[in-house]
Amino acid sequence: MTASYLVELKDWGLHVRLQGTLSLEQRDSIARQVERHCATLGARGTSWSSLVEFDRFEAEEGFRPEIVVALMKLARRCGQLRCGVVMTDWHWASVMAEVMIAAGIDDQARIFVLAKGPTVEGSLAGEIEGRPAADHPADYPGMDSAMAWVLNGGAVPMVSRAA
């Protein structure tokens, strides 16, 4: 799988997709882009949402939760209303739950783990016709509940200190 990432502004907020094994330099670039986009969204003065997708994500030189915690706190200060995190790996879902709790955003974030199956095949999109996932729109099967929550909110299982 090709390592790729996408950080983009949408009319509803921020969309981030991380795929494969990303280097420290790539993850630093992502963090800088997220910071800039949070500032842009915060300047709008309205609430916004974010969707973060981890597709067979691996941190090449170690995961740095302090960076993720700082970005989550920044997003909240800049007006983020809710954050949906879609993953394909239970290990990383557990790590992200701990990070969300540490950031104090467990009241506004939800983790959705897609089960491996015939339509997902262990990834959110994989490579289509040889192109990395970042080259095509996010229309993954099985992600309907995550996107509906990001856009509309609603009652879904949530990350909690009791879990």
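This report walks through the fold of one protein chain, from its overall layout to a few individual residues.

## The chain at a glance

Please keep in mind that this is a predicted model. Its chain has 4 helices and 5 strands. Starting at the N terminus, these elements follow one another as β-β-α-β-α-β-α-β-α.

Of the 163 residues in the chain, 48% are buried.

The 5 strands form an open sheet in the order β1-β2-β3-β4-β5, and their pairing is mixed. The edges belong to β1 and β5 (109-113); each has a single partner strand, so one side of each has no neighbour in the sheet. On average, neighbouring strands are turned by 10 degrees against each other, ignoring direction.

Strand β1 (residues 4-10) pairs with strand β2 (residues 13-22) in the antiparallel sense, over 7 bridges, and a hairpin of 2 residues joins β1 to β2. Here you can find Leu6 with its bridge partner Arg17 in β2. Strand β3 (residues 48-59), in turn, pairs with β2 in the parallel sense over 9 bridges. In this pairing Leu18 stands opposite Phe54 in β3.

## Helices on the sheet

Now for the helices that pack against these strands. Helix α1 lies across β1, β2 and β3, and runs at about 5 degrees to β1. Helix α3 packs on the sheet too, where it touches β3, β4 and β5; its direction makes about 175 degrees with that of β5.

## Where two helices meet

How are α1 and α2 oriented to each other? Helix α1 (residues 24-44) packs with helix α2 (residues 65-77) at an angle of about 10 degrees, and their axes are 10 Å apart. Angles under 35 degrees count as roughly parallel, and α1 and α2 are therefore roughly parallel to each other.

At this meeting point, α1 brings Ala31, Val34, Glu35 and Cys38, while α2 brings Ile67, Leu71, Leu74 and Ala75. By class, the contact has 7 nonpolar residues, 1 charged residue and no polar ones.

## A closer look at Thr88

Thr88 sits in the loop between β4 (80-87) and α3 (90-103). Is this residue, Thr88, buried or exposed? With a relative accessible area of 10%, Thr88 is buried, since buried means under 20%. A polar atom of the Thr88 side chain lies 3.2 Å from the backbone nitrogen of Arg56.

Technical notes
Residues numbered from 1 in each chain as written. Predicted model: local features only at pLDDT ≥ 70, side-chain atom pairs only at ≥ 80, totals over all residues. Heavy atoms only, no water. Axes fitted to C-alpha atoms, helices over the stretch in contact; angles between N-to-C directions. Parallel < 35°, antiparallel > 145°, perpendicular 65-115°, else oblique. Contact = heavy atoms within 4.5 Å. Nonpolar A, V, L, I, M, F, W, Y, C, P; charged D, E, K, R; others polar. Pairing = 2+ DSSP bridges. Buried < 20%, exposed > 50% of the residue type's maximum accessible area, 1.4 Å probe, protein only. Polar contact = N/O pair within 3.5 Å; in protein donor to acceptor, adjacent residues only side chain to side chain.
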